[in-house]
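Trainee: I have a new model open and would like to learn how to read it. Could you walk me through it?

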Amino acid sequence: MSATEDLLQDHVLIRRLQSVIEKSYTMLYQGRDVPFGDLLKIADIIEQFVDQFHHGKEETGYFAEAESRDHYSDEIRKFVIEHEFGRRIARRVRIHLEELLQGKNAREPLARYLKTYSVFILDHTSKEDRLFTEIKEKRSLSDEESLRKQFDHMRRDRMRRTGDLVQVLEQLEKAEWAA
């Protein structure tokens, strides 16, 4: 699998997470409860898979290669800014989860930030998908082999570190509240 295809596959998982997030914030806005443990799992997947692993993989490997070879610097700069925006939203989700755990009335801000993150995922991944597809179609990355080696290492590390997170996502998708 090429580096571009690997990132596109990550986006499939991220959009699955988006669907779970959408169900959770909808329930919170309706005044219905989502198990606190499941909300923590959502926050963990956001932080560990999306923000640290996936965005980190793009920033430290793929973007640097694409930018240096194919003059995608404007698009890449925008994506890196969006990654930071996503991280900031994720921090707010975590803050409001902690407030909820402490018994504070944080349902509405938590729902609002989950909804914001959901919209971010849809917008951001669709824009990146367009760029990645263009790169793939143009075969713009003339030396994708070096990226493939780096991504193979990251993929093995991902399976070790985030394999459990994918299983947690599957559990969340099957949770009674998310059905």
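Mentor: The expected span of a helix is 1.5 Å times one less than its number of residues. This is a predicted model, where local features need pLDDT of at least 70, side-chain atom pairs count only at pLDDT 80 or more, and totals for chains, interfaces and linings use all residues. Residues are numbered from 1 along each chain as its sequence is written, and side-chain values use heavy atoms, leaving out hydrogens and water.

Trainee: How many residues does helix H1 have, and what does it reach from first to last C-alpha?

Mentor: H1 (residues 3-29) has 27 residues and reaches 39 Å, close to the expected 39 Å. After H1 comes Gly31, with a positive phi near 80 degrees.

Trainee: Where is confidence lowest, and where is it highest?

Mentor: pLDDT is the predictor's confidence in each residue, from 0 to 100. Helix H5 (residues 144-174) is lowest, at a mean of 68, while H3 is highest, at 95. Where pLDDT is low, the predicted coordinates should not be read in detail.

Trainee: Which residues of H3 are buried?

Mentor: Buried means under 20% relative accessible area, exposed over 50%, and partly exposed in between (1.4 Å probe, protein chains only). In H3, the buried ones include Ile76, Phe79, Glu82 and Leu97. H3 is followed by Gly103, whose phi is positive, near 90 degrees.

Trainee: What is the span of H3?

Mentor: Its 29 residues should span 42 Å, and the end C-alpha atoms of H3 are 42 Å apart, so the two agree.

Notes
Helix = DSSP H or I, 4+ residues; strand = E, 2+ residues; numbered from the N terminus.
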